[in-house]
Amino acid sequence: MTVETPLLEVSNLSVRAGRDPEASLILNEISFCLEARRILGVIGGGGSGKTTLARAVVNWLAPPLRVSSGEVRFRGQDILRFAPEASRSLRGKAIGYIGGDPAGALDPTLTVGTQIVEKLRAVEPDVTRQEAKERVIELLAAVRIPTPSQRFNEYPFQYSGGMMQRAMIVDALISKPELLVADSITQPLDVTVGAQILRLLRDLTEQFGTAILFISASLPTVADVSDDILVLDGGQMVELRPTAELIRAPGHPYTKKLMDELPMLWSKDLGARLKPAPAIAEPILRVSNVGKTYSISPRSGIGRARRLQAVRNASFDVFAGENFGVVGESGCGKSSLMRLLTALERPDTGTITFEGKNIFDQGAAATKAFRRRMQLVLQDPYSSLPPQASVGDIIAEPLLIHGLGGRAARRAQAMEMLREVGLPAACFDELPMTLTAGQRQRVNVARAMILEPQLLIMDETLSALDQTEQGRLLDLFERLQAQHGFTYLFISHDIAMVRRVCARVAVMYLGEVVELAQNERLFFDPGHPYSRALLSAAPTLEERRYRSEDCLLEGEPPSPIDLPPGCAFASRCPHVYETCLKRNPALTDRGNADRAACHLLTQGSAQQKDHAQ
Amino acid sequence: MEKTVEIPGTPPADDLRRLSISRRIALGAWNSLEFRIGLSVFLFMLLMAIFYPMLSDIDPTRMNVRARLIPPVFMGEGATWAHPLGTDQLGRDMLVRSLVGLRYSLLIGGATVALMLFVGCLVGLFAGYRGGLTDTLLMRITDAQLSIPMIILAIAILGVARPTIPAIIIVLGLSGWPVYARVMRSVIMAERKREFVRGATVLGASDMRIMFLLLLPLCLPPIAFVAVLDVARMMIFESVLGFLGLGVQPPTPTFGNIIADGRKYLLNAWWIATMPGIFLFLTLASLNLMGAALERSRNRVYGGIE
């Protein structure tokens with residue numbers, strides 16, 4: 001195929017916030033070409049102008065943003081000079097746009113199918129409803145939504161996050177666009193689901209000949225999917241090169257910095273941070289066979305209540321002084337487990353003991369005392385702090401709750417904590433509103449620390465922060481641990497973070513601990529297929545030890561409501577065989593207190609035993 | 001020890017920032033012209049209401065038939081400085097009557113709003129926070145109360161019992177609280193699911209502490225600002241009751257019964273009904289000015305602008 005003019009040609013595009021020639025420059029002289037069937041990745045940190053670029057390319061800038069110079073040529077025509085109506089028809093038809101918030105982009109009151117048919121008929125009024133429906137179902141199948149003709153008639157709330165994102169891709173592809181602009185589409189998704197979506201995008205470029213402008217803040221994601229990469233920094237184009245070349249030898253210091261910040265799963269030795277427990281340590285927290293089932297009454301109010309098994313048979317010990325990690329994707333029961341560990345809810349089965357005492361067996365006063373020894377640092381830096389209390393009051397609140405110290409003592413101690421977590425003293429009378437996400441998390445940490453607890457549970461504490469800030473907070477945690485002898489329990493979906501910090505890791509899938517292993521063992525010799533799938537999907541630029549194609553079948557986690565018998569991972573596991581569908585495997589010892597729950601292991605060890613005999 | 005990390009984006013710590021948050025709100029309000037005008041008018045009215053009847057030594061109920069229907073001084077003709085705002089049909093001094101009326105109206109308006117805010121917020125707080133059976137019970141009571149029209153309730157109670165001031169306050173308060181309960185409940189229900197409430201539970205805070213020290217300070221101020229406007233409404237309701245003859249009984253002057261009596265003389269002595277109206281307007285306008293300025297300042301501070 002010979003193309004004289006490239007599909008999309010952006011030349012010297014500048015965008016300013018406002019008409020004023022002095023107004024701040026959001027994009028500065030961006031130029032690139034994109035040809036059919038190619039994927040151009042755009043990468044940059046927060047505020048680098050990625051989304052502005054995406055919007056400018058589809059001529060969809062909202063005031064005060066406006067293009068101050070340059071042009072965007074689509075098939076040789078400058079779309080920025082188009083009349084609004086013309087660019088609107090172009091946008092729906094020839095250029096598709098997918099945003100990062102599928103749940104917000106779909107109308108909750110219409111079925112997914114209806115919405116997409118509507119969209120198709122808006123840009124192509126000649127298509128009949130029946131034809132449109134067939135095309136939608138065909139495409140739903142193409143993006144591998146199971147039973148598409150049934151899913152066509154379902155509402156967005158019945159879709160999972162990954163499926164909604166697929167529906168958005170269908171929505172963008174339905175008019176057979178030549179160019180697809182995908183703005184941060186994998187950001188809200190779980191890594192394993194995100195990996196599937198990326199694979200899908202690559203297939204689609206081949207199948208439909210679509211060119212894709214793929215925008216993301218995560219370099220590994222972009223590198224995974226794109227042919228070329230454009231690096232943006234503060235609105236400046238710092239580098240535009242083929243992916244492999246860029247990864248091998250980044251030319252610009254900013255690109256180098258981006259790459260250095262990336263977590264390494266396998267190639268870097270991170271032993272220093274891991275903090276394994278001393279050899280003769282006592283378990284500070286002992287979770288044994290804990291299960292929690294919620295019953296969901298049917299919407300109509302009649303009929304059998306359904307059982308949602310949020311946590312099933314979770315067992316692990318956390319030793320004093322170590323960093324323990326619980327890792328898993330959304331819906332795996334991490335949050336439910338956190339609620340059990342913090343005594344917000346009682347488990348249905350099993351016991352949780354803290355420092356040798358069952359945390360549920362002792363009445364309100366003892367629970368309060370337990371909560372003094374154990375603290376939780378919450379995930380969301382925005383909603384976890386009371387919005388109208390000053391930072392100082394927030395930090396001093398636990399002292400007030402437990403009736404410790406007088407007014408002046410509390411203030412002094414809160415000041416001290418503020419200093420310890422590295423916040424300026426001027427923050428004391430500030431509202432949390434005025435702080436950055438990282439500073440808010442520091443406030444959260446300070447509030448948890450002020451009672452001098454033994455165990456700190458970090459519930460996704462770092463997941464809202466960027467890599468640099470994560471690194472700083474990890475340094476802080478390390479220093480505080482050295483000073484106060486805390487035990488950390490990290491609950492996270494971010495496997496790279498766990499690799500950097502946790503000496504021992506429990507991997508959860510659908511409410512169950514499927515693997516419990518030392519850090520090294522988990523990353524170099526995982527015992528459970530799900531652990532391998534998780535590793536294969538982790539965002540990293542390294543030579544992967546596990547390829548997502550080998551480790552993960554298409555499909556999404558089954559619903560935790562009314563789980564079928566057998567192994568929960570069976571529906572996505574490439575090694576699935578008969579027994580997996582019948583019996584749920586139990587945790588099997590793999591030596592060195594590493595355990596995993598997979599039938600293949602018992603089989604393997606049985607064989608090994610045979611060999612030994 | 002690691003050095004304090006300088007994080008960009010931290011606003012400069014000027015003098016304003018060193019003040020505590022409530023002080024910043026108060027200062028922000030004080031700096032606005034509306035607040036100062038409102039406050040000075042309100043204080044002026046209040047001081048007048050408290051001190052003028054005492055100092056001027058005129059009895060608001062003393063009749064003087066010879067000096068009846070004297071116009072206010074600015075009317076010129078036949079007016080006298082002995083009665084700056086004129087006299088009514090029985091020769092009573094309008095200024096003193098209006099000021100004493102203002103006293104009663106303020107008392108009734110303030111007390112009523114305090115009562116309904118207290119009951120409504122308490123009911124809403126418990127219903128919203130506890131949920132379940134508590135919620136169902138409290139809200140059905142609220143619904144029952146909401147279904148009785150205020151005027152009917154007032155006629156029933158005040159018609160049977162003597163319409164004394166405490167009775168009037170209770171009647172008005174009783175008919176007003178369900179709205180507050182409803183609003184409070186919905187706000188609390190939204191807030192109690194937020195992360196920081198769960199955080200407080202894990203910190204060991206009891207339910208009472210979360211309800212009264214965490215959620216109430218968060219949800220009360222916007223409702224309280226609406227309640228300030230309700231002081232005005234309640235003063236008008238008291239006038240309505242007075243108009244129906246169920247308000248404070250004569251000869252005690254309140255805005256309601258002065259206006260009701262003056263209505264008959266509207267053509268030849270318009271000032272009788274108008275003067276209390278002007279006092280009512282000034283008081284309410286000043287209250288609203290202050291409330292609005294405080295609310296704006298609060299929004300600015302909590303919105304992170306100041």
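Figure 1. Residues are numbered from 1 along each chain as its sequence is written, and chains are lettered from A in the order in which they are written. Because the model is predicted, local features need pLDDT of at least 70 and side-chain atom pairs count only at pLDDT 80 or more, whereas totals for chains, interfaces and linings use all residues.

**Figure 2. Burial and extent of chain A.** Of the 613 residues in chain A, 46% are buried, that is, have 20 or more other C-beta atoms, placed from the backbone, within 10 Å of their own. The C-alpha trace of chain A spans about 75 × 65 × 55 Å along its principal axes.

**Figure 3. Helices α7 and α9 of chain B.** Helix α7 (residues 165–191) and helix α9 (residues 207–244) of chain B have axes, fitted to C-alpha atoms over the stretch in contact, that come within 10 Å and cross at roughly 155°. That angle makes α7(B) roughly antiparallel to α9(B), a term for angles over 145 degrees between N-to-C directions. The contact involves residues including B:Ile168, B:Tyr180 and B:Glu191 of α7(B), and B:Leu215, B:Cys219 and B:Glu238 of α9(B). By class, this contact of α7(B) with α9(B) has 14 nonpolar, no polar and two charged residues, with Ala, Val, Leu, Ile, Met, Phe, Trp, Tyr, Cys and Pro counted as nonpolar, Asp, Glu, Lys and Arg as charged, and the others as polar.

Conventions:
Axes fitted to C-alpha atoms, helices over the stretch in contact; angles between N-to-C directions. Helix = DSSP H or I, 4+ residues; strand = E, 2+ residues; numbered from the N terminus. Parallel < 35°, antiparallel > 145°, perpendicular 65-115°, else oblique. Contact = placed C-beta atoms within 7 Å. Buried ≥ 20, exposed ≤ 12 C-beta atoms within 10 Å, placed from the backbone.
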